[in-house]
Every structure is written in C-alpha cells, then in structure tokens.
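Trainee: Could we go through this one together, a piece at a time? I would like to learn how to read it.

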Amino acid sequence: MNQRRPQGRNVVTQSLAQIGGCGLFLLTLLAAIPRSFRYLRETIRQLWFVGAMSLTIIMVCGLFVGMVLMLQLYHVLSIFGGTSASGMVVALSVYRELGPVVTALLFAGRAGTSITAEIGLMRATDQIDAMEMMAVDPIAYVATPRFLAGVIAMPLLCCVFCAMAIFGGHLVGVTWLGIDNGTFWSNMTAVVDVHTDIVNGVLFKSLAFGAVVTLIAVYQGFTTPPTSEGVAYATTRTVVASSIAILALDFVLTAFLM
Amino acid sequence: MTDPVRATPDDSTLVRVRGLTTVLGGKTIFDQLALDIPRGRITAIMGPSGTGKTTLLKHITGQMRPDAGEILVHGQNVPGMSREALYKMREGIGYLFQNSALLTDFDVFENVAFPLRQHTALPEVLIRSLVLMKLQAVGLRGAARLMPHELSGGMARRVALARAIVFDPQLILYDEPFVGLDPVALNQVLKLIRTLNQTLGITSVLVAHELAAVQQIADHVFLIANGKVVAQGDPKSIAADGSPWTRQFFGGEADGPVPFQYPAGDYASELGFVGAVK
C-alpha cells in the first residue's frame, strides 16, 4: 500500500489535509484489525517495546510529580490549616488530569517518536515494499500491532503513573511533613469516586490518548518522505501533533465527562 | 511480435502485457507497451536508465497500477485484482529488490525464514532445513546468524535472493541482480539463476545492464526505450541486428535514438556564454 503524504497549498490546508489523511488512515488501521490477529506475536512484541520499556520513565516521573504536588499543596493548604486535605487533592488532580495527560506526553516522547522513526526508516529502506511483495500486509503486520499495543499500554502505564504519584505524595506528606497516615488515606478514599475519577479520568482518557498518540506516530511513519530529513521532520511532527492533540482532547473530554 | 488482439494467454506465456500506458509526473513512461514473457524461460529486460524497467516489474506484481492497459499473469489481469487476489498471486512470485530490502531487525536466517513463517505452519525443524538449504545455495550458510548491517552489499543481495526463492516460486523477478557483485559471486548468482530455471522450471525475468551476463543466461531479451519495445530476440542475435537502437545501446554510444542528455535548455546560454560571444 503506497501511503502518500497529503498535499496542501499553505499551512492551513496542509494541516487540514494531514488531519483528513490521518482520519482515513485510522479507518484503514481499524479495518486491518481482524487480519492482524494472526500477528499476535508481533503485537505482544510491540506491547513489550512501547509498554514495558516505557515503565522506567513513567515510574520516575510519576514519583516526582506526586512529590512536588504534595510539597506545593502542603504549603498552600497550611495557610488555611487544611493540610489534612492535601492527600485527597493530590489524588484527585493526579487521577483526573495529571495522570493521563503527563503519561500521554511522556508516552509520545518515548514511544511515539520511536514508532515514527522505525516505520519511517523501514519505508526508506524498502522494507515495507518487501513485505508487500512477500504477501505480508504492512498495515496488518506493522501498523495495527503498534496501534493496538499503544491503546493497551497507555491505560496500564497511566495506572502505574498514578500509583507512583500517590506513593510520592505519601512519601513527602506523611513521611517527611508529618501528615497523619490515617487522615491521608481516609480523606482520599472518602472523596475519590471510582466511576468519575478512575474509570472516566484514568482509564477512559488514557485509552483515548493512547489511540491518538499511536495513530499519529504510525501515520507519520507511513507517510514519511524516504529521506533522512524526512524521517527527522516526521519524528518532530509526531511530538508536536501529539502534544497539541492530547491537550486539546483533554479539554474536550473533561468538558463532556464532568 | 505476437498478435496483440489475442488477449487470452496460451500455455507458453506466463506474463502477457498489452497496451500498457503509464504516465508518472507528467512523463510518459510506457506508451502502449506490449510484450510476452514465456513460461519456464529466462527473459531479460534491458534499456537505458529511466526507461521504467523497475516500474514494469512493479506493474507485474501489482505494486503500481498503470494508467491503462492490461497485465495478465496466469491469465488474470493484475490491475483489476482485489487485495486478497493480489496477495495470493504474490505468494507465487519471488522479487529481488535493487537494494536487497532485508528486514533490518532480523538476522539473515530469520530474514529468509520470514515468508515461511508468515504463510505456512511448518514445524521449526523443516523451516530450519529449508532456510539452510537456500542459504547454502547462495553460499551464506555460515552467515546465518549475522545481522543485515554486518553484510556487504553483495552478501545482502545473495541473502535477498535466498529469501526470494525460499518458496520455490513459479516466477522470479530480479531487479538489477548483478550490481555490486564480485566476479566470483556474479558467477555463482548466474549459475543459481540458471539452475533454478532448469531444474525447477522457474520463469525468470531479469532487469539488468550487464550485456555479457545477460548473454550467458537469457533465452530472450526485450530492449525497451521511449516507452516501447524497440527490439527483441535471443541475446546473440539482438546485439547484432543492426537497428539504430541496438547499435547505440549495445555499442554504448552517446549519439543515437536515445539521448544521453536529460532534456535541458541550451547549454551555452545556461553557462552565460551567449552574451559574451556576441
């Protein structure tokens, strides 16, 4: 399948053409899902690559986000004597916003770029064409496994991020600043709602972000001009487009889910 | 040339091209091209660079669709095929890419095993023997565990050749198989192509520039220029038929029906000499 980069006369029409091309590519990807079931091993390999290999960065960043959040909140809330609520606020802000958004941004930088660069290079060295000639559908073998891996990995990574953030908050709040351990946990469990915060916040948002980031990454890889500059630009575009898409989509989803 | 009206291929023709017209980027690559590739023979396609020899191979495999015309492989029209039919057909075709196009994440063994793993459920033992047999045939059994980036250009091409023949296809398309091979490897590849053709009856189509190599193995040569077949015949007679096309191409002359220069404006004026002369 020869994916062509959509053309446009100026920045606006070019961006519109890209969004349109991306949408059509999504349909191709989804249509290839049944055919990609026979490449289950490839999907698992990609899951390892984009998911498991991203664990370190997600865990470390989650820990520090939780720690700094607790530090800031403690100092602000201590003015009103409300430090006992800080654990609860950390949990809510992490579950509803920071968890999915920061995980998705990190995921775009860590996994999205490598997907784009990998597919772009495969394209430039005729590997995609070679697969076509060996009667292996590159959409089902290359694109869809990466897309599915991203969609599956993102919610899991987001859960790990949230857990590490709560742990970081606990470390700073309880261990260092001396908030009562019981207060920390009971306030949190009293306020966090499984449906609105965990299902809608963590799982649904990160599922959507995972789909958007990997779609953009795979699409950019497949439409890369086969040059070194082309691959470089495509990788950059993956990060830029993913970041904008994540933050814009976050606003829309929050508005609908609240 | 055979009768162009007869659209159904007889048994002796594996690939039949009729009225093939392709325009790429405003340039006419093929203009009503017609040719027949005989079954079980070695056919060479020659012609000046840029005449679309690789494009012709891509038309035959359905990687590119022509603007008009029909390409019959086993009597089925390739441009009209569904994706499934196209993939089914490609399982019976081996294709050797100009730049080898090995999968860089897999080692040599896995590259050759790739088509087998994708399309068959053969036990590992059988895959192993098949792959090692093909690697032995191209002289690279010892390199089975090397990665593609550790291979020289000529070795990579031989691995790609082993991969192309791993399924014992009925038709193999070789895109520039001799480029970058040292004389020993070249001889081995020539021998291999001939053996595959003679023992298994595999139809081979070569795109090549090396006249000496082509004369050694090809049964039939098509010379393509300006979007048409300008000469054809067996390799000995075609070089001696005396037409201006063959004289220029096989004689390597810059002057003739095929211009050596890519179309351009006036040389002197582009260098800025016109004003100075006046």
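Mentor: Gladly, and keep in mind throughout that this is a predicted model. Let us begin with two helices of chain A, α5 (residues 86-124) and α8 (residues 181-191), which pack at an angle of about 45° with their axes 7 Å apart.

Trainee: What classes of residue make up the contact of α4(A) with α5(A)?

Mentor: The residues that meet include A:I57, A:C61 and A:L69 from α4(A), and A:V89, A:L98 and A:R110 from α5(A). By class, the contact of α4(A) with α5(A) has 15 nonpolar residues, four polar ones and one charged one.

Trainee: Something else now: where is A:D126, and what is its phi?

Mentor: A:D126 sits in the loop between α5 and α6 (127-133) of chain A, and its phi is positive, about 70°, although the residue is not a glycine. Most residues other than glycine have a negative phi. With 18 C-beta neighbours inside 10 Å, A:D126 counts as partly exposed, because a residue needs 20 or more to be called buried.

Trainee: Switching to chain B, what is the strand order in the open sheet of four strands?

Mentor: The order in that sheet of chain B is β2-β1-β4-β5, and the pairing is antiparallel. The edges are held by β2 (27-38) and β5 (76-77) of chain B, each with a single partner strand, so one side of each is left without a neighbour in the sheet.

Trainee: How many bridges are there between β1 and β2(B)?

Mentor: Strand β1 of chain B, residues 13-24, pairs with β2(B) in the antiparallel sense over eight bridges. As one example to look up, B:V23 has B:T28 of β2(B) as its bridge partner.

Trainee: Is β7(B) mostly covered or exposed?

Mentor: Strand β7 of chain B (residues 171-175) is mostly covered, with five of its five residues buried. In a regular strand the side chains alternate between the two faces of the sheet. Both faces of β7(B) are covered, with B:L171, B:L173 and B:D175 on one side and B:I172 and B:Y174 on the other.

Trainee: Which strands does β7(B) join up with?

Mentor: Four bridges join it to β6 (residues 93-96) of chain B, running parallel, and five bridges join β7(B) to β8 (residues 203-207) of chain B, again parallel.

Trainee: What lies between β9 and β10(B)?

Mentor: β9(B) and β10(B) form a hairpin with two residues between them, and B:N226 in the turn has a positive phi of about 50°. Five bridges join β9(B) to β10 (residues 228-233) of chain B, and these strands run antiparallel. One of the bridge pairs is B:A225 with B:K228. By contrast, β3 (residues 42-46) and β9 (residues 220-225) of chain B pair in the parallel sense, over four bridges.

Trainee: Last one, how many residues of chain A are in contact with chain B?

Mentor: Ten residues of chain A are in contact with 15 residues of chain B. On the side of chain A that touches chain B, five residues are nonpolar, two are polar and three are charged.

Note on methods. Residues are numbered from 1 along each chain as its sequence is written. Chains are lettered from A and ligands numbered from 1 in the order in which they are written. This is a predicted model: local features need pLDDT of at least 70, side-chain atom pairs count only at pLDDT 80 or more; totals for chains, interfaces and linings use all residues. Two strands pair if DSSP finds at least two bridges between them. Axes are lines fitted to C-alpha atoms, for helices over the stretch in contact, and angles run from 0 to 180 degrees between N-to-C directions. A residue is buried if 20 or more other C-beta atoms lie within 10 Å of its own, exposed if 12 or fewer, and partly exposed in between; C-beta atoms are placed from the backbone. Two residues are in contact if their C-beta atoms, placed from the backbone, lie within 7 Å. Ala, Val, Leu, Ile, Met, Phe, Trp, Tyr, Cys and Pro count as nonpolar, Asp, Glu, Lys and Arg as charged, and the others, Gly among them, as polar.
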